[in-house]
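This report is intended to be read alongside the sequence and coordinates. Please keep both at hand.

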Amino acid sequence: MNPDIILSIRNLKTRFFLDEGTAKAVDGVSFDVSRGQVVGIVGESGCGKSVTIKSILGIVQKPGEVVGGEIFYRRRDDGVQEPINLRDLDDRGEEMRDIRGNEIALIPQEPMAALSPVHTIGNQLIEAVRLHRDVSREEAANICIARMGEVGISNPEERMGVYSWELSGGLRQRVMIAMALVCGPKLLIADEPTTAIDVTTQAQVLNLLRRLQKEQNLAMIFITHDLGVIAQIADYVVVMYLGRVMEQGPVDDIFHNPQHPYTSALLASIPTIHSGTREELPTIGGSIPHPFNRPKGCPFYPRCPGFIPGKCDRFTPVPSPVSDKQSVACFLHSDAAEETE
Amino acid sequence: MSEKSVLLEVKGLSKFFPIRSKGLRRKIIGQVRAVDDVSFSILEGETLGLVGESGCGKTTTARCIMRAMTPSGGEILFRKGDGSITDIAFMSERELFPIRGDIQMIFQDPYASLNPRMNILDIIGESLLVIGGIKDREKRSQRVGELLELVGLRPEYMQRFPHAFSGGQRQRVVIARALALNPRLVVADEPVSALDVSVQAQVLNLMLKLQDEFNLTYLFVAHDLSVVKHFCDRVVVMYLGKIVELAPTEALFQAPKHPYTSALMGAVPEADPRRRADMVPLEGEVPSPANPPSGCHFHPRCPHATDLCAKEAPAFEEHAPGHFARCHHVAELNLSGVQD
């Protein structure tokens, strides 16, 4: 494993075993995250982007289960210790709890749901610090106040004593960012952190995340369905559809040289602030299939303009490189197919 | 524009919500001025966009026009099918009844706006029965079938229940329901923001097609400027219950006259990694409409604010043909819009 890579996911598979059937929420996902790199995962609802990060953090709830693949994570930077496979650890065990929230931190989508309404902001932040560091309450409080200042919360000392419902949406999201950063994580995972807030506040939060990421040389996984947001923040983009990676590559290649029909169609179908008025938009026909009726073969074939009958609906393409950094899972580029189960 | 006639004119519309004290007496201790002296008109066959961030009063304005709520003040002048103009702002439910079919709504969340216990035939047919007066079930189902075909769904689907449809299909059902009574004004409150990116374009295209076919007039409420630019002929920008700018779409995006409009455009994340440096965030957050700032409501966040802005509320004036803005400094400012 390249020494810059701190997280490497290989062929990750997460299933949900329900009465109605088995949903392959994540089906053979692989990508790497390097130090100081922002990896954006983009996809529509049901594409498995949130389940992917839950699998990394070991917080997939029943009836979901990680059934295959590896999650290699490098705990130390000294180059001596080999990466460990997070799947070998007990989700509730001591080592995983030491990593989760401490080395790998999460910024959730809905700050209102993530913060307790009956505890003050200060108490919740201090708890996060004291869980991982052997410090007194006063020392912990000082760390928290410093972090709150860093994320642009004015009067942090006062704000330690307030409750989440007394804050505005933008401030709550800043509190969540402060809480994620409070232990100095190596890897920050942001799950749609700006979806619930207004555009002007969203621009502030994106600028803040970008600044913090640069200053601390953080590795970050940023999940969103908004292609605009991904273009603004990510270095490297993973495009997912129905649990599979359709295409991945550097952000500039994904936006200016997309290779997968799904990526191109998605990019063409969004109205931009530069597009003309009242022009008909190119669309992707149909809608996203239900996870239980996932099409056989390539999951995108029923909606794909480049569909090859007899091939796309029978075999499943696997990612294969189109350049040294970009890879695509599509029969228009390579014949590589998955062994049928 | 003079050749088109005005379909709806809103004059000085206001909607205040009382803030009550705690305890038994529940005394009124203040007002949330959700919509405050809003005036605009919608021409027949055009699409008027209404944009702003949460709490700016755009949905409240739309609901007052729908008469889903009664405004606190102002006039809503609607030109009926026979050409006569009536003020619907304070009409009683009985007086409104014949007009209900003329103004219909498309809601934001198709998962919340369809009754899960009714099938599609009953959902779309309900207004045909209640307002359209089509008592014969056979006739109703025929009309529902036509409507479903119109929005690109198979007529056989009318026996199904909403849970069998995806988000985009549900929104098509909502559109079919809105069109059932041949409305003249359709109020669309964020019709695509709850949908997946790949189906948003389908719904927008469908709405454009239907507009051309039936000469519909849309009031399009949205927070997404890219969608508004794509869809609307003219745009109203609201901030804290007041209109700050009103202009034809092209003029607004090329040369906005109000600093808030310009800031809003600057905050839109563009789907192009080569345009990263352009995003300039606005400081601070939207203040509470219960306690708006003095003078110009936008002055605490405005990069161009002067002492005058804190003291005096600016007037809403026309600065170019059809281009109105509420700012003291329009003449001095040279604001950036969207550069190509």
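## Domains of chain A

The model discussed here is predicted. Chain A is divided into domain 1, residues 5-103 + 185-328, and domain 2, residues 109-184. Between the C-alpha centres of these two domains the distance is 28 Å. Their contact draws 23 residues from domain 1 of chain A and 16 residues from domain 2 of chain A.

Together, domain 1 of chain A and domain 2 of chain A bury about 1,500 Å² between them, and carbon and sulfur atoms account for 58% of it. On the domain 1 side, the residues that lose the most area to domain 2 of chain A are Asn102(A), Pro185(A) and Leu208(A), which together give 28% of what that side buries.

## Interface between the chains

About 4,200 Å² is buried between chain B and chain A, with 52% of this area given by carbon and sulfur atoms. Three residues, Val197(B), His230(B) and Arg276(B), supply 16% of the area that chain B buries against chain A, more than any other three residues. Counted by contact, chain B takes part with 48 residues and chain A with 52 residues.

## The second largest pocket

The second largest pocket holds about 710 Å³ of space. Its lining comprises 23 residues, and the closest to the centre are Arg100(A), Gly101(A), Leu106(A), Met176(A) and Met179(A).

H4(A) gives the most, with five residues.

## Cavities

Rolling a probe the size of a water molecule over the atoms shows where empty space is left. In this structure there are four cavities of 30 Å³ or more, and the largest cavity has a volume of about 80 Å³.

The largest cavity is lined by 13 residues; nearest its centre lie Pro259(B), Cys296(B), Cys302(B), Cys309(B) and Cys327(B). Eight residues of this lining are nonpolar, five are polar and none is charged.

## A largely enclosed helix in chain A

Helix H11 of chain A spans residues 261-269, and seven of its nine residues are buried, so the helix is largely enclosed by the rest of the structure. The buried residues of H11(A) are Pro261(A), Tyr262(A), Thr263(A), Ala265(A), Leu266(A), Leu267(A) and Ser269(A).

Both chains take part in covering these buried residues. The cover includes helix H9 (227-233), strand E9 (236-241), strand E10 (244-250) and helix H10 (251-256) of chain A, together with helix H6 (197-214) of chain B.

Thr261(B) is placed in helix H9 of chain B, residues 259-267. With a relative accessible area of 2%, Thr261(B) is buried. Beyond residues up to four places away in sequence, Thr261(B) touches Val237(B), Val244(B), Glu245(B), Leu252(B) and Pro256(B).

Leu77(B) belongs to strand E4 of chain B, residues 73-79. Its relative accessible area is 16%, under the 20% limit, so Leu77(B) counts as buried. Leaving aside neighbours within four places in sequence, the contacts of Leu77(B) are Leu7(B), Leu8(B), Glu9(B), Lys11(B), Ile85(B), Thr86(B) and Asp87(B). Leu77(B) and Ala89(B) are twelve residues apart in sequence, and their C-alpha atoms are 7.7 Å apart in space.

## Backbone geometry in loops

The peptide bond from Lys62(A) to Pro63(A) is cis, with omega near 5 degrees. Pro63(A) is located in the loop between H1 and strand E4 (64-73) of chain A.

In chain B, Arg26(B) has a positive phi, near 45 degrees, although the residue is not glycine. Arg26(B) sits in the loop between strand E1 (6-20) and strand E2 (28-43) of chain B, and at 45% relative accessibility Arg26(B) counts as partly exposed. Leu240(B), likewise a residue other than glycine, has a positive phi near 50 degrees. Leu240(B) lies in the loop between strand E9 (234-239) and strand E10 (242-248) of chain B. Is Leu240(B) buried or exposed? Leu240(B) is buried, with a relative accessible area of 3%.

Notes
Residues are numbered from 1 along each chain as its sequence is written. Chains are lettered from A and ligands numbered from 1 in the order in which they are written. This is a predicted model: local features need pLDDT of at least 70, side-chain atom pairs count only at pLDDT 80 or more; totals for chains, interfaces and linings use all residues. Side-chain values use heavy atoms; hydrogens and water are left out. Helices (H or I, at least four residues) and strands (E, at least two) are DSSP runs, numbered from the N terminus. Buried means under 20% relative accessible area, exposed over 50%, partly exposed in between (1.4 Å probe, protein chains only). Contact means heavy atoms within 4.5 Å. On a 1 Å grid over the protein atoms alone, a cavity is a set of points where a 1.4 Å probe fits but cannot get out, and a pocket is an open set with protein on both sides within 12 Å along at least five of seven lines; lining residues have an atom within 4 Å of a point. Grid points are joined across faces, edges and corners, and a volume is the space filled by probe spheres set on the points. Buried area is the accessible area (1.4 Å probe) that two parts lose on being put together, summed over both. Domain bounds come from an automatic or database domain assignment. Ala, Val, Leu, Ile, Met, Phe, Trp, Tyr, Cys and Pro count as nonpolar, Asp, Glu, Lys and Arg as charged, and the others, Gly among them, as polar.
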